[in-house]
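Please open the model in the viewer and display the whole chain as a cartoon. The tour begins with the overall fold and then moves to individual selections.

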Amino acid sequence: MKIAIVGTGYVGLVTGTCFADMGIDVTCIDVDKAKIEALKAGRIPIYEPGLETLVSKNHKAGRLHFTTRLEEVVDNVEIIFSAVGTPPDEDGSADLRYVLDVARTIGDCMNSYKLIVTKSTVPVGTAEKVRRVINERLELRGTAIEFDVASNPEFLKEGAAIKDFMSPDRVVVGVDSDRARELMKKLYRPFLVSSDRLLFTDIPSAEMIKYAANAMLATRISFMNDIANLCDLVGANVNMVRKGIGSDARIGTKFLYPGCGYGGSCFPKDVKAIIRTAAQHGYKMRVLQAVEEVNESQKGLLFEKLSRHFNNDLKGRRVALWGLAFKPETDDMREAPALELISRMRDAGITVRVYDPVAMDECRRRLGGSVEYARDIYDAALGADAVMLVTEWKEFRMPSWQVIRKAMNTDSGNPPVFDGRNIYDRAELRQAGFEYYGLGK
């Protein structure tokens, strides 16, 4: 079986590589020549545990190919996945220009049946736009060629994407023909040999499922952040509250951890997009508007705690910031809380010294020399007036607090630690000579 994946970003590269690892002949296409040449040499543009090894293995085995020319690939494959970017437009809606560009190229080049599958996260109705564009291009050519469109949303967690793809808890496929259904069933058979987790729906429902799933998870995060903020005011402990409600089988324990806001390539973009889609249909997503509002506010919460601790006397101070990526096991800083915190601290005249296990190069690309770069958490703490934990990397969980305190500036007494992920123990930090600030504790 031969397939093509258009777009070698996070979703496209993981998808193509995992299909190739199951024996499928995969060609990945991207307009970025430098990226394609790097992939051919075994260098991947993103950080994802295990992915570089799989890319190299399958490329050497002749199952995974890379090119910049979709035109040369169209007639050699039966299924074409569109995994190009859908960045948010100025009004929050998903920008479909790249999705529709792919459709135009397919319509211009296809000479036999194709199944075009949208893998990118796109608003409801996108598949019909793709179908319309392809039909328009075929009409311009004066030809009629049968094709199908389908929606196959991704549910990959950055940092665990290969496991998620290889052992999915569900595979959602939206189709409107038996031929497309059978092709997708055949394609995913190697991943579902032990159980049937392939869920077929109509196309609009498949497009909505991805948005609804991310919106629900974002809602749980913002809900718990709201509860944590209230716990701070009334003297409750959000960890006990989380365990108490999480033990209810109707609620469960996942995504109930308060923090300094969600980020990444999915939640912020998808919440904005579903709000915009609703507005285009004359409906107001009141819950999700509140979810977004809470999240934006939460990203600045650690700065507000910092400001209160120093009585707004911030100019000239130094802060060690631990963690830049929006979550562990990735170098992705898109919409990361660290960016908002750094921006606010720099505006207040604070020198920020940062460390992250894998996102340092990404930070340099984004922020250049506007922050200082440390070798590790201890180097970051040198001369710092405060420590701010933003991303809960495993290597941050049990630092030597005695060494940290000796490295910090203690002229004003016990230095503060601002725990943006609630991973430290208040009593332990106080005993070690710190002031501790968590969320909802």
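Coloured by secondary structure, the chain shows 17 helices and 14 strands; these are DSSP runs, with helices (H or I) of at least four residues and strands (E) of at least two, numbered from the N terminus. The radius of gyration is 24 Å, close to the 22 Å that the globule rule gives for 441 residues, so the chain is as compact as a globular protein of that length. That radius is taken over C-alpha atoms, and the rule is 2.2 Å times the number of residues to the power 0.38.

This is a predicted model, in which local features need pLDDT of at least 70 and side-chain atom pairs count only at pLDDT 80 or more, whereas totals for chains, interfaces and linings use all residues. Residues are numbered from 1 along each chain as its sequence is written, and side-chain values use heavy atoms, with hydrogens and water left out.

With the C-alpha atoms displayed, the principal axes define a box of roughly 80 × 45 × 45 Å. Next, colour by accessibility: 53% of the 441 residues are buried, where buried means under 20% relative accessible area, exposed over 50%, and partly exposed in between (1.4 Å probe, protein chains only). Then select the charged side chains: 61 are positive and 61 negative, and the centres of the two sets lie 3 Å apart. Lys and Arg count as positive and Asp and Glu as negative, while His and the chain ends are not counted; each charge is placed at NZ of Lys, CZ of Arg, CG of Asp or CD of Glu.

Now select helix H2, residues 33-40. Which of its residues are buried? They are Ile 36, Ala 38 and Leu 39. These residues cover an arc of only 160° around the axis, which puts them on the same side of H2; the arc is that of the directions from the helix axis to the C-beta atoms. Turn to the face of H2 directed away from its buried side to find the exposed residues Lys 33 and Ala 34.

Two loops complete the tour. Select Phe 255, in the loop between helix H9 (238-246) and helix H10 (267-280). Its phi is near 60°, a positive value in a residue other than glycine, and Phe 255 is partly exposed, with a relative accessible area of 31%.

Finally, select Asn 422, in the loop between strand E13 (416-419) and helix H17 (426-431). Phi of Asn 422 is near 55°, again positive in a residue other than glycine. Is Asn 422 buried or exposed? At 12% relative accessibility, Asn 422 counts as buried.
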